[in-house]
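Dear colleague,

Please find the structure below, handed over for your use. A short account of what was found in it comes after.

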Amino acid sequence: MSHESKDLIEAHLKQSLAALERATHDAAMLASARKIADAIIAALRHGHKLLIVGNGGSAADAQHIAAEIVGRYKNDRPAYPAIALTTDTSALTAISNDLGYDKVFARQVEGLGARGDVLLALSTSGRSPNILAALRIAHQRSLVTIAFTGAKGAVLGTVCDHILIAPSDDTAVIQQIHLAVAHGICEEIEQALMREPPCK
């Protein structure tokens, strides 16, 4: 049993390594990541905020990314405004119960988002109705819209300003690539804003 488990773990690590290797050579994905970093830097520099949404593991990633922005990534510096819309249990349950789960993020974007803010939506499939609804309302309210998805989620590109497509169709591997890229973006944000702090 333990030998089989070891083989499964090794197989997953090899699959992850291969996907990350593909990602490092994916010129389109890397170009998208740089544009996304620039868009978030510009928004934060001008006093806007970053809102982040996702379901399941992507909800956890939303919280992780927000924590890196508000807290710190690698350097001591001022806090920057980022909110994961996956964390307020009262809002999540009230909206889901009263308006339906498809509105769970869109309603929060409607209440908290303002022109010039950024919405980062994480969806490995690219088909989650609540993610699509959030991106649509964000677009209507003139937020900058960004989606992270996987190889089968390119349709999200029709409803957002910037899309990052991880070169995999395996959910766990897509999430690993998303978080790895997000960490790189966090470093870009931190370095840029330390050089030129946000407007007050």
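Predicted model: local features only at pLDDT ≥ 70, side-chain atom pairs only at ≥ 80, totals over all residues.

Five strands form an open sheet in the order β2-β1-β3-β4-β5, and their pairing is parallel. At its edges lie β2 (82–84) and β5 (162–165), each of which pairs on one side only. Ignoring direction, neighbouring strands of this sheet are turned by 15° against each other on average. As a general point, strands of a sheet pair through backbone hydrogen bonds, either parallel or antiparallel. Strand β4 (residues 144–149) is joined to β5 in the parallel sense over four bridges, and Ala-147 stands opposite Ile-163 in β5.

Helix α2 and the sheet. Helix α2 (residues 27–45) lies across β1 (50–54), β3 (118–122), β4 and β5, and runs at about 140° to β5.

Helix α7. This helix covers residues 171–195. At 1.5 Å a residue, its 25 residues should span 36 Å, and the C-alpha atoms at its ends are 36 Å apart, so the two values agree. At the start of α7, a side-chain oxygen of Asp-170 comes to within 3.2 Å of the backbone nitrogen of Ala-172.

Packing of α2 on α7. The two helices pack at an angle of about 45°, and their axes are 9 Å apart. The crossing of α2 past α7 is right-handed. On the α2 side, the residues that meet α7 include Ala-33, Ile-36, Ala-37, Ile-40 and Leu-44; among those they meet in α7 are Ile-177, Val-181, Ile-185 and Ile-189.

Packing of α3 on α7. Helix α3 (residues 57–70) packs with α7 at an angle of about 15°, with the axes 10 Å apart. Since angles under 35 degrees count as roughly parallel, α3 is roughly parallel to α7. α3 also passes α7 in a right-handed crossing. Gly-57, Asp-61, His-64, Ile-65 and Glu-68 are among the α3 residues in this packing, and their partners in α7 include Gln-175, Leu-179, His-183, Cys-186 and Ile-189.

With kind regards

Terms used
Residues numbered from 1 in each chain as written. Heavy atoms only, no water. Expected span 1.5 Å × (residues − 1). Polar contact = N/O pair within 3.5 Å; in protein donor to acceptor, adjacent residues only side chain to side chain. Pairing = 2+ DSSP bridges. Axes fitted to C-alpha atoms, helices over the stretch in contact; angles between N-to-C directions. Contact = heavy atoms within 4.5 Å. Left-handed = near helix turned anticlockwise from the far one by under 90°. Parallel < 35°, antiparallel > 145°, perpendicular 65-115°, else oblique.
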